[in-house]
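Dear colleague,

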Amino acid sequence: MKVLITGSSGMLGRALCDVFKRDYRVFGLDLENCNKLKNFCLCDITKFNQVKKTILAAAPDIVIHTAAYPDVDGCEKNREIAKVVNTQGAVNIAKVSQEIDAALFFISTDYVFDGKKESSYRESDRPSPLNAYGRQKLEAEEFIRRNLSKYFIIRTSWLYGKGGRNFVDTIINSANANSELKVVDDQIGGPTYVVDLAGALKALVNKIKTAPKKYAGIYNITNSGKCSWYEFAKTILKIKNIEIRITPLKSFRLTRPAKRPENSLLNNSKFNRLTHKPMRRWKKALCAYLES
């Protein structure tokens, strides 16, 4: 089977290419071929004609759409530009995937929720995004649900890994450059290592590939467990043996363009029941990343 991965030069895209190329014929699609894939398609997802020509030529059985404008504050300040990428780009990919009858995996976000729920969010909970990024992703979700029968919307959170900007590397770099750090302690979620997410997506593909319509729907996938950004930062520094003063901070003291939900923890039960491959704890995943 052929798998086309958009955003193949990005953090998650690279991890997906590495995991899928062992058992599938992988095609990367992006604006540049940073990881030097053999089968690479140069394409701007915001240009429908380019998307159609490129995907038709590759003729994949499965499309995994990771390409996005992921800067949450940037999306707030540049809403129109970000929407063209996050919503229209996803719609373009979805339309062509439907045309060739490919199963589409769309990477979405925990930020489709407002964070007011006291427990973890399930796939059936009603979305209510607080920021432009969440709204753009939700609009793409809604188009996909309305128009495709072979779709898998993957909601995940707090991604980190090699090949892109992420919280883990930012904390380490900031700790090496400063004598004190202040980190938000009133936002709860699930840190997710892209290598683990890529492995989970492969497990899901392996499960559904013979009957994609039967299993179509929304799936939450994150490393298990929960923490605040403050606890996440403290754990990073502990593993790296970096001694620095770190102080908890309340969100209202920050002047960020985009609001964040207080609770964006996702419930993985649906994914676990289907694949019987539960995600490992976030602390173990973090150790694996920092030791890699």
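In which loop is the place of Asn166? Asn166 sits in the loop between E7 and H6, where helices (H or I, at least four residues) and strands (E, at least two) are DSSP runs numbered from the N terminus.

Before the details, two notes on the basis of the values. This is a predicted model, in which local features need pLDDT of at least 70, side-chain atom pairs count only at pLDDT 80 or more, and totals for chains, interfaces and linings use all residues. Residues are numbered from 1 along each chain as its sequence is written, and side-chain values use heavy atoms, with hydrogens and water left out.

**Overall form**

The protein chain holds 11 helices and 13 strands. Its radius of gyration, taken over C-alpha atoms, is 18 Å, close to the 19 Å that the globule rule (2.2 Å times the number of residues to the power 0.38) gives for 292 residues, so the chain is as compact as a globular protein of that length. The C-alpha trace spans about 55 × 35 × 35 Å along its principal axes. Of the 292 residues, 54% are buried, that is, under 20% relative accessible area with a 1.4 Å probe, protein chains only. Among contacts (heavy atoms within 4.5 Å) with a separation of 6 or more, 78% join residues 24 or more positions apart.

**Asn166**

Asn166 counts as buried because its relative accessibility is 6%. Its side chain reaches the backbone oxygen of Gly164 at 3.1 Å, and a polar atom of that side chain lies 3.0 Å from the backbone nitrogen of Asp169; a polar contact here is a donor and acceptor pair of N or O atoms within 3.5 Å, and residues adjacent in sequence count only if both atoms are side-chain atoms. Not counting residues up to four places away in sequence, Asn166 touches Met11, Leu159, Tyr160, Gly161 and Tyr289.

**Helix H9**

In H9 (residues 229–239), the buried residues include Trp229, Tyr230, Phe232 and Ile236. Their cover includes strand E7 (159–160), helix H6 (167–177) and helix H11 (282–291). Asn241, which follows H9, has a positive phi near 55 degrees.

**Ser264**

Ser264 lies in the loop between E13 and helix H10 (269–275) and counts as buried at 1% relative accessibility. Leaving aside neighbours within four places in sequence, Ser264 is in contact with Asp110, Tyr111, Trp158, Ile188 and Gly189. Ser264 and Met279 are 15 residues apart in sequence and 17 Å apart in space, C-alpha to C-alpha.

Yours sincerely

Terms used:
Buried means under 20% relative accessible area, exposed over 50%, partly exposed in between (1.4 Å probe, protein chains only).
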